[in-house]
Amino acid sequence: MSAEAADRVAAVAGSRPGTPLQTSWFEFLLDGTLLEKHLDKSNPDPTSVQLIIQFLEQASKPSVNEQNQVQPPADNRRNRTLKLLALKVAAHMKWDLDLLEKGLTIPVLNMLLNELLCVSKVPPGVKHVDLDLSTLPPTTAMAVIIYNRWAIRTIVLSSFPEKQTKPGPHQMNMLNVVQQEKEMTDNILTVLKEQAADSISVLEGAVQLKKDFYVHTLRTLDLLAADAAANGETESSTAGLRISAEELHCQVHYDLGAIFFQQGCTDQPAFEKARDHFRQTKELLKKLDSTVHVHLDEKRLAGYWNACKALTGDCDSCDYQTTTYDQINSLIRAHSYQAVIEAFIKDNVTRSLPNHFRQSVLREFLYKVQQGETGLDEVCHKLCVCNAVRDALEGEVLCVRFQQVLLKPSKHMVDFILEVCTRSLEKDRPSETSRRNMASFMKTLCESLEDLSLVFVVSSHKLFMELLKEEERKVLVEQMRKRSATINLSAKPLPSFYDIPASASVSIGQLEQQLILSLEPRRIRQILIELHGMAERPFWRVNSKWEVPSDYIHVILGIKDNLTKDLVYILMAKGLHCISIKDFVHARQLFSACLELVTEFSPKLRQVMLNEMLLLEVRAHEAAAAEGSRERPPPDLVSRVRGYLEMRIHDLPLRQVVGEECVAFMLNWRENDYLTMQVQPSLVMNNSYIRLGQLLASTCKELPGPKESRRTAKDLWDIVVQICSVSIQHKRNNDGRVGLIKQRESSMGILHRSKFITFIKKIREPLVLTTLISLFVRLHSIVRDDIVNEVTAEHLSIWPSSLPNIQAVDVEAVAVTVKELVSYALTLNPNNQSWLITQADIYFVTNQYSAALNLYLQAGAVCSDFFTKAVPPDVYTDQVLKRMIKCCSMMNCHTQVAVLCQCLREVDYMTAFKALQEQNSHDAMDSFYDYIWDVTILEYLTHIHHKRGESEKRLIAIKAIGQTELNTSNPEEVLQLAAQKRKKRFLQAMAKLYF
């Protein structure tokens, strides 16, 4: 190109407005100062949330090794820096969960907050509910609070209905990506809901803390990246962005109120908790001068507050704005329905109640009618009239429900309409707009009535005469007469509300609402027939919460007849929902109707429904057993379960959960003979759950034997080790990070670990759970390799004592699994002393001494009738007692240490004397002297108090040693009886102290 040409190109380019290029994500890696400059722009491109997505997407990309094998994302400097950049963007947004939730999907936000937990040094492998927030560094405690706030907010948001997106032709290739993201989201929500109680406990603990909080900023994150935290700056009480205790409490109370309100649908007392939290939110909002760090919707808060007061019957006389709401709600609770109607008529004049509230009251009465309450039809009609008059006064379109009322009116109803109209204008000087709107309503009323006698009642009414001019009245009456002359009322049936063309879409909406609410199969079918007569579209998409298993979706959507397709889909979806809320009666009705329907045209769907009905009966029986029923399942049900496990039908979609629950069912009801001897070998090879169930049944069956089922136990051991193993190429992080939700799934085992845990939590049989606890305790001891702090359990001897490939086992996965397993077992039977000891050991080896001592005492209490009998020596072994001694010592309860030292087979005088020398004891000291029966210890106490000049305590020790039953000349039986008596009293005192 010549110099002249170059000049021309430059001139043309210079004359065009330049569009700034978007900053690429990798540029922030190259220039550490670029991020803050970019975020400080008024309209940064890309935006903050887009940057977070880009950084985390790049950091989580899998790598490919030389053998072309896909590997997990590498833990290198590049990826760590990208994750830190994502955190810095969130810190620039001041960790505003409202903004983050709007811009990020649940999986991305979950990844971001787990990184926050990691960099904030939240102890790995420890449940948040077990952490003491008051002792954690400020930024660490705040990270835990932010995570658990997000957890409960996500649960609440997921309960709101969402409109399903309908992918167009250009989006079809994206369906797999969307499906994967949906599955990830569902998995995360499942875990969050399982941990909801823990998250609530963490946040309830947070509002008890009175100190200010600090959250990471760009500066503190930079210090972490530069390893500057060694000087303690980021751990101090002032590092980071300060958030006052009042601001945080206000936000946390709001979030807790929202989760309790959501739980109130199934747990009525939760509404009272929600009300209390919303009350505290309102009080704190009034006190706060600045709400920089409080992000909540005050209108939604007001709505929550009014709803809670209505649901709990709480009436706050100081809250003037909601007095009318309270009156209406109290009248409904008192069944003063006539007074509710009167209040609505008066409100037509004052118009203080919003329309949506009035409509919700009407819907509540309609729902009561639908549920079978009698005598409310007239109340519904009158409330509908009141609402229609209110709409007319405000110039709104009359609702279809009011037009339905006018299809079969009575003179009594017309008189009531006229009364409401008259009283709704009872002002001294009604506005011209109100008069004009009411006149229009009166004309519409006349035009809607078919019966001329009723038209005459309206047209001769005083209000009609006042509002309409004489000319208007004559024209209207003449129209009515002409209409009556051309229409033979006796020959024409009353029209249905479907015949109103202007309201067709509203009618469809009302039918869809009934379709969502109804659980009666015949009514569902009738509604669908009516809907298909009005519009041709897939009505199974009406409610986004209707879901059928992905295994069946293609079979159901392959049904050619649209009405049948909708009916099968909706019946199955509603039945599955009823099972999930344990409404087994309605579930049986819905599934039976669906089975009857598909039997007519599809053998494949018939078998699918039989399988789902089997799962229904299994879950119903298991639910009854969980509530205390000891009734064994009928032989027919056991036979059907066996039939399912042995079933082999070509091209039949099978849900894995059905086989999983069938195997768990057989284990729970000790059908071990079938699982060990009668099940076909081909089934064992092809079904992971049957394989696992067979090994568990065989191991449990042979446990009482002399060889303790070592061969079967070895096979079970190998399978579980594989489940808990990860690829050796997967590089373990130096800081041992682990998220509450992120799990390293293994493809080496017959099941992923998450599915294995889900299966375990369906088992109730104590022997099976004991066997699994024993296995994981042994595995945990081997991978931890800490002989001093081993966890104990029953039947440990049946498992191998070493692992050939210990590096492949995911240590954190084993630790988390053993904790979850023991916690789950104790929810089933909190009085199993073996499980209590194991749980206590877990707390002990993780340095949670108060919780450990509590459980050691519980274990002793349950096997001794609260220490009224002697605790068996196989429960309080020397190892257990020594651990109880260490727990007391670590909590500075040194007198308790001395008393417990007597309980050992050989009294540990050295530990007892060393404990009694401590002067900074946090227990009651001399009040425990009455529980000491060893004379040597009492003599040492007398000596040490004399040496210190503590005369009062010395006298107490002398009094204790002077008791006749402790005289060393007494027979051995008397001394033993004195020791047992004091030991029981001491343990009872300890139980009262720590329970």
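Predicted model: local features only at pLDDT ≥ 70, side-chain atom pairs only at ≥ 80, totals over all residues.
Local features require pLDDT of at least 70 and side-chain atom pairs pLDDT 80 or more, whereas totals for chains, interfaces and linings use all residues. Residues are numbered from 1 along each chain as its sequence is written, and side-chain values use heavy atoms, without hydrogens and water.

**View 1. Packing of helices α43 and α47.** Helix α43 (residues 894–901) packs against helix α47 (residues 972–994) at about 145°, with the axes 12 Å apart. Axes are lines fitted to C-alpha atoms over the stretch in contact, and angles run from 0 to 180 degrees between N-to-C directions. Helices are DSSP runs (H or I, at least four residues), numbered from the N terminus. Gln-896, Val-899 and Leu-900 of α43 meet Phe-986, Met-990, Leu-993 and Tyr-994 of α47 (contact: heavy atoms within 4.5 Å). By class, this contact has 6 nonpolar, 1 polar and no charged residues (nonpolar: Ala, Val, Leu, Ile, Met, Phe, Trp, Tyr, Cys and Pro; charged: Asp, Glu, Lys and Arg; polar: the others, Gly among them).

View 2. Phe-160 is placed in the loop between α8 (138–158) and α9 (175–194). Phe-160 counts as partly exposed because its relative accessibility is 31% (buried: under 20% relative accessible area; exposed: over 50%; partly exposed: in between; 1.4 Å probe, protein chains only). Not counting residues up to four places away in sequence, Phe-160 touches Arg-300, Tyr-304 and Lys-545.

**View 3. Phe-160 and Ser-544.** The C-alpha atoms of Phe-160 and Ser-544 are separated by 9.9 Å, with the two residues 384 residues apart along the chain.

How values were computed:
Helix = DSSP H or I, 4+ residues; strand = E, 2+ residues; numbered from the N terminus.
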